[in-house]
Amino acid sequence: MESIQTEREDKFDVDADFRLPTLASLVPSGGALASSETDLSSEYFDTTGHDLLRRGITVRRRTGDSDNGWHAKVPAEKARTEIRLPLGNGAHGAVPDELNDVLRGAVMGAELSAVATLTTHRRIHTVSDADGAVVAEVADDEVSVVLIGGATGPRWREVEVELGPAGSESFPKKAGKVLRAAGARPSAHPSKLDRALSVVRQVPAEPGVVLLADYLDAQAQAIVAGDVYLRRGLDPIHSTRVAIRRYRSTLRVFGSLFEDEPAAQLEAELSWYASILGEVRDRQVQRARFAAALRELPPELVLGPVASRIENDLLAEQIRYREAAMTELDGERYRALLTTLAEWSRGLPIDGEVTDRVLVKLARKAGKKAIDRTKSAVGGTDDEALHRARKASKRARYAAELVAPVVDKKVSKANIKHFKTIQEVLGEHQDAVIAADILRTLGARAGTTAGENGFTFGLLFERERRAAETARDEASRLEF
């Protein structure tokens, strides 16, 4: 039987002679610290081109402890989702059909086969609270690798901090401080398999290209992770659309660094997919927005089945658009998009020299454009101009995120925060404008339906119109 869990894990690189510090300060009052040892064997599976690894996904068959079984780890915001199946699934050690099915968008028809076997001697230190619930596990691992074909891979030692069911978000930060003080370093690798295969993976030589490629790869990982979650019936619509926006913004802001035709084609296809998911997301947002607005109205002003009219109409549309999106997941156009993203991850179609200096210059140019558009838009009455200013602010924010590693930390944080504020204020204006248009349509339907009337829809419409005016006023008071 399949099981799912969310995993929050921080990894640290340590030297072979690293001495694990005392963890007593991490034990809550009345809690306990217990230690044990075990030997693990993990056989990892991927395509010959390491497509899963490029997307931050790992599939393994583990033996040696209570976690025996098949594990597929898929990236998610601030954590990872782990899909687990029993060891018996999968014929003769092959990846189970259940995993192949949810990963088919990530591998694009390629076959999953063993790429490496990792053997780990693990010393586990379990932190529990006063009730005996697990707060976290600190694992001290000695890892050895055998690559496909029998070649010996690297050996290393690392420490993992995995948050338990009773753990708080502050625990990893405290544990990290203790470990760093003892000489541990935040890991340069997101997974053991990434480190194991680093000896056979080519990395771009130019720092600027690395910065650009890493940012785009992070977005591609989120898009493919969204594919996996969609196929499992989950709801990654918002996170997937954010990743698409970041990718498209990078293609726009740093467009002069890419070959024109491949960049234009990819941007157009990402826009197409974003619009499909946007139809679903828009209904989700408006359903929540209207439900909150109705709760704030006095009951005597809610005339007729307003809530059911809103929920039924928008939910029906949301379900229809989600079904359309699911159909596209196995369509040729979508498969071609994922193929293109994979090709870009293997090598960007760069046109010219890419340096940190050039990236920062283009990011600053995007920032100036956003400010100019916003200043112009808030002085007028054109809703579309504010919408364009909002999109420019998003691009400026994402560009500032991309160059953050090579910009002064304080300046970078200030830039990102500034453009995020503009984006949010103008976003509220756009949401209100869209909401008012939807309410006008719903009110017209109610006004011609027996047992309903448009009175409450009119109140909600006026509420959204005023919200749009308030957001415009707030935008005019922003500092530029």
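**View 1. R252 lies in helix α7 of this predicted model.** Helices are DSSP runs of H or I with at least four residues, numbered from the N terminus. R252 is partly exposed, at a relative accessible area of 46%, where buried means under 20%, exposed over 50% and partly exposed in between (1.4 Å probe, protein chains only). Residues are numbered from 1 along each chain as its sequence is written. In this predicted model local features need pLDDT of at least 70 and side-chain atom pairs count only at pLDDT 80 or more, whereas totals for chains, interfaces and linings use all residues, and side-chain values use heavy atoms, with hydrogens and water left out.

**View 2. Helix α7 is mostly covered.** Of its 17 residues, 12 are buried, among them I237, V242, Y247 and V253. From first C-alpha to last, α7 reaches 24 Å, close to the 24 Å expected at 1.5 Å a residue (the expected span being 1.5 Å times one less than the number of residues).

**View 3. R252, R357, K361, K365, K369, R388 and K391 form a positive surface patch.**

**View 4. E259, D260, E261 and D351 form a negative surface patch.** Its member E259 lies in the loop between α7 (237-253) and α8 (260-296), and E259 is partly exposed, with a relative accessible area of 38%.

Technical notes
Patch = residues over 30% accessible without salt bridge, like charges linked within 9 Å, V, L, I, M, F, W, Y side chains within 5 Å. Areas by Shrake-Rupley, 256 points an atom, 1.4 Å probe, with all protein chains shown as cover. Salt bridge = Lys/Arg side-chain N within 4 Å of Asp/Glu carboxyl O. Lys, Arg positive; Asp, Glu negative; His and termini not counted. Charge placed at Lys NZ, Arg CZ, Asp CG, Glu CD. Helix = DSSP H or I, 4+ residues; strand = E, 2+ residues; numbered from the N terminus.
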